[in-house]
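Subject: Structure for your review

Dear colleague,

Please find below the structure that I am handing over to you. My findings follow directly after it.

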Amino acid sequence: MKFLQLNRLLLVLLLTGFYSHAQTVFVTAEIKDTKEKNGFFDSAGAFSNFSLSVPFRGNPEYGTNDPNDTNKGTWFIPDGISFQGGFGVHATETFALSINTGIDGLITPKLVAVPVYGSLLINPAINDDSTLFLQIGVGRAFAIGRGDLSGVYQKYRLGASDSGNTGIFIELNFYGFGLYDIRQVSSINIGISIFNFN
């Protein structure tokens, strides 16, 4: 009998301990994040670019004493014209990918070529009014009127643009094929470009 009473007493103590155990309740309120988050692709949109440039070549008459030669005082002389354009996408107006084509005419090698290439544009801001841009393109160039002459096309462009996205640049172009005694046709161009970020 004493054993049964002892068990009941332990059971009551145990239940009293559970019942009287203090419980802490935390009340939480929803905190709204008022900070605006801008992801890398939040400002993505359509991108287009157009350029007009002039290839230059070294002047073989530079420094000669021929009084009839009007080009003897310049190191470089214009050697054709090039027009190119492309469409693609951009992120935050700093990085853009585009597909481009155009027509390049070079006088000295008597070449008209159509490059088709993809390009990456890196366009970081220098200050509020201008950016410095680097454009790298790789694709294929097709010579017009020369059979199936084609080659790997490469473009490396460096320039600066203003707040209206109009800029000037210098670029190197490599056409990946040779003509006559030239192992690979290439050109150094100076030109203007227009970017459009939507």
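Helices (H or I, at least four residues) and strands (E, at least two) are DSSP runs, numbered from the N terminus.

This is a predicted model, in which local features need pLDDT of at least 70 and side-chain atom pairs count only at pLDDT 80 or more, while totals for chains, interfaces and linings use all residues. Residues are numbered from 1 along each chain as its sequence is written, and side-chain values use heavy atoms, with hydrogens and water left out.

Confidence is given as pLDDT, the predictor's confidence in each residue, from 0 to 100. The protein chain has a mean pLDDT of 83, and 73% of its residues reach 70 or more. Confidence is lowest in helix H1 (residues 2-19), with a mean of 61, and highest in S8, at 97.

Of the 198 residues of the protein chain, 30% count as buried (under 20% relative accessible area; exposed is over 50%, partly exposed in between; 1.4 Å probe, protein chains only).

The largest nonpolar core has eleven residues, including Leu106, Tyr117, Tyr153 and Phe177. Such a core is a set of buried Ala, Val, Leu, Ile, Met, Phe, Trp, Tyr and Cys residues joined through side-chain atoms within 4.5 Å. Strand S5 (111-122) and S6 are the elements that give two or more residues to this core; its largest share, three residues, comes from S5. Apart from it lies another core, of seven residues, among them Ala96, Leu121, Phe195 and Phe197.

A nonpolar surface patch of about 1,000 Å² includes Ile126, Leu132, Tyr156, Leu172 and Ile190. Patches are made of residues with over 30% relative accessible area and no salt bridge; like charges are joined within 9 Å, and nonpolar side chains (Val, Leu, Ile, Met, Phe, Trp, Tyr) within 5 Å. A salt bridge is a side-chain nitrogen of Lys or Arg within 4 Å of a carboxyl oxygen of Asp or Glu. Strands S6 (130-143), S7 (150-162), S8 (166-174) and S9 (186-197) each supply at least two residues of the patch, and S6 gives the most, with four. Ile190 lies in strand S9 and is partly exposed, because its relative accessible area is 46%.

Key. Accessible areas come from the Shrake-Rupley method with a 1.4 Å probe; for residues, only the protein chains shown count as cover.
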